[in-house]
Amino acid sequence: MGSQLKAHGEHAHVLAALKWATDYLIKAHPQPNVLYGQVGEGKSDHACWMRPEDMTTPRTSYRIDAQHPGADLAAETAAAMAAASMAFGSSNPTYAVTLIRHAKQLFQFAKAHPGLYQNSIPDVSTFYSSSGYQDELLWAAAWIHRATNDKTYLNYLTQASGTGGPRTVFSWDDKFLGAQVLMAKLALEGRVKGVGKIAEYKSMAEQFICNCAQKGSNNVKKTPGGLLYFLPFNNLQYTSTATFVLTAYSKYLTEAKSSIHCPKGVLQASDLLNLARTQVNYILGSNPKKMSYMVGVGTNYPKRPHHRAASIVSFIKSRTLVSCSAGFSQWFNNPAPNPNVLVGAVVGGPDLNDAYEDKRTDYQRAEPATVTVAPLVGVLAAI
């Protein structure tokens, strides 16, 4: 992906954005067994509709540590740091080494102190409760191994009690598919023998892909317009991650001169890339509503995303305080388009029948999220 980003003059911008995030994660990890996981309080924040500049809700900070563990959060952060280290390997090797050091410490912390992070930071349970931590441990091990080639982490993956089995989504809460794909990559490259546990990882990854391509035994639903449909709440986040998997795996198959044998046919690398293209095309406007679900693309896109800062007049234009409750009456329930265009954001998207109402109050479909747009960066670079 780096070469494609460089060709379009975006590589330096991507590294700057990435470092902004990893700098924050480094600061949030001041000691090997301490990681700050939240700033602010979900319930009080959600009770207000305000600009960030006007926020007066508590900025309480919450952390996990040896006495208050959160293996899911620690391992997920380890995976992020290990993956990011690879992007800085040539341009900033010292920084890459720093990220690996943090990743290894966090992985050890997660292994030594198992537990769900919402038990240590109860405020998150209402909003982003974790279903488990085994997926994040595998995900972290896979990325640290890829970044370092240290067989300790490969051994962890091959000696794990399970591979996650068949998955139906790849999401912020379910990383099993990501670990499965990374293990499949090793097998396709011939770096490990595709037997035993490795073969199981690869089989599970390809089962998911077969289901996306409608050639599996448990195919993913599709809307009449052709969109892969996983779940009602912010479906496009799952479509985006699935599309990223399809795009990456297409590259792996091409390099390995291989294909996937599904229950209902064979898939070539080109089939995966073509399916990815149809999904991106749908998101960007090739759909029954002729609407781009990425804000700012074309002229027909969501004008009322469920987003506080976008839906309230900017501080530059009006310095009058928008209070907690006034934000709801003056802006949240205002039928007019958002005063600020949130260019590049991707909303939750249409329902199973391709229907989408551009309503700010519909947080299930109108709310944009970083987990939705982030996978599309890689997909768009590839296609």
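His306 sits in the loop between α12 (269-283) and α13, where helices (H or I, at least four residues) and strands (E, at least two) are DSSP runs numbered from the N terminus. The model is a predicted one, in which local features need pLDDT of at least 70 and side-chain atom pairs count only at pLDDT 80 or more, while totals for chains, interfaces and linings use all residues. Residues are numbered from 1 along each chain as its sequence is written, and side-chain values use heavy atoms, with hydrogens and water left out.

**Around His306**

An unreviewed UniProt entry gives His306 the annotation "active site". With a relative accessible area of 12%, His306 is buried; buried means under 20% relative accessible area, exposed over 50%, and partly exposed in between (1.4 Å probe, protein chains only).

Which residues is His306 in contact with, leaving aside its neighbours within four places in sequence? They are Trp49, Phe332, Arg360, Tyr363, Ala366, Glu367 and Pro368, contact meaning heavy atoms within 4.5 Å. For Arg360 there is a further detail: its backbone oxygen lies 2.8 Å from a polar atom of the His306 side chain. Two of the contacts of His306, Trp49 and Phe332, also belong to one aromatic cluster together with Phe328.

**Disulfides**

A search of the whole structure finds two disulfides, each a pair of cysteine sulfur atoms within 2.5 Å. In Cys48 and Cys324 the sulfur atoms are 2.0 Å apart, and the torsion about the S-S bond is about -95°, so this disulfide is left-handed. Cys48 lies in the loop between α3 (42-46) and β2 (61-64) and Cys324 in the loop between α13 (308-311) and α14 (326-332), so the pair ties together parts 276 residues apart in sequence. Cys48 is buried at 6% relative accessible area, whereas Cys324, at 25%, counts as partly exposed.

The other disulfide joins Cys210 to Cys262, with 2.0 Å from S to S. This link is left-handed too, with -85° about the S-S bond. Cys210 belongs to helix α10 (residues 196-212) and Cys262 to strand β5 (residues 260-262), so the pair ties together parts 52 residues apart in sequence. Both Cys210 and Cys262 are buried. Numbered in sequence order, the bonded cysteines pair as 1-4, 2-3.

Cys212 is buried, with a relative accessible area of 0%.

**Nonpolar cores**

Cys212 turns up again in the largest nonpolar core, which has 76 residues; those with the most contacts inside it are Cys212, Phe230, Tyr249 and Ile260. A nonpolar core is a set of buried Ala, Val, Leu, Ile, Met, Phe, Trp, Tyr and Cys residues joined through side-chain atoms within 4.5 Å. The largest share of this core, 10 residues, comes from α9. Beyond four places in sequence, the contacts of Ile260 include Ile209, Cys210, Tyr249 and Leu272. Apart from this core lies another, of 14 residues, among them Leu227, Val280, Tyr282 and Val346.

**Aromatic pairs**

Rings of Phe, Tyr and Trp (its six-membered ring) pair if their centres lie within 6.5 Å; planes under 30 degrees apart count as stacked, over 60 as edge-to-face and the rest as tilted.

| Pair | Centre to centre | Angle between planes | Type |
|---|---|---|---|
| Phe88 and Tyr95 | 5.1 Å | 85° | edge-to-face |
| Tyr128 and Trp172 | 5.1 Å | 80° | edge-to-face |

Tyr128, in the loop between α6 (117-120) and α7 (134-148), and Trp172, in the loop between α8 and α9, are 44 residues apart, so their pair links distant parts of the chain. Tyr128 is partly exposed at 48% relative accessible area, and Trp172 is partly exposed at 29%. Phe88 and Tyr95, by contrast, are both buried.

**Lys175**

Lys175 is found in the loop between α8 (151-158) and α9 (176-188). Is this lysine buried or exposed? At 5% relative accessibility, Lys175 counts as buried. Not counting residues up to four places away in sequence, Lys175 touches Glu76, Asp135, Glu136, Trp139 and Phe170.

Key. UniProt positions renumbered as here; feature names shortened; annotations may be inferred. Polar contact = N/O pair within 3.5 Å; in protein donor to acceptor, adjacent residues only side chain to side chain.
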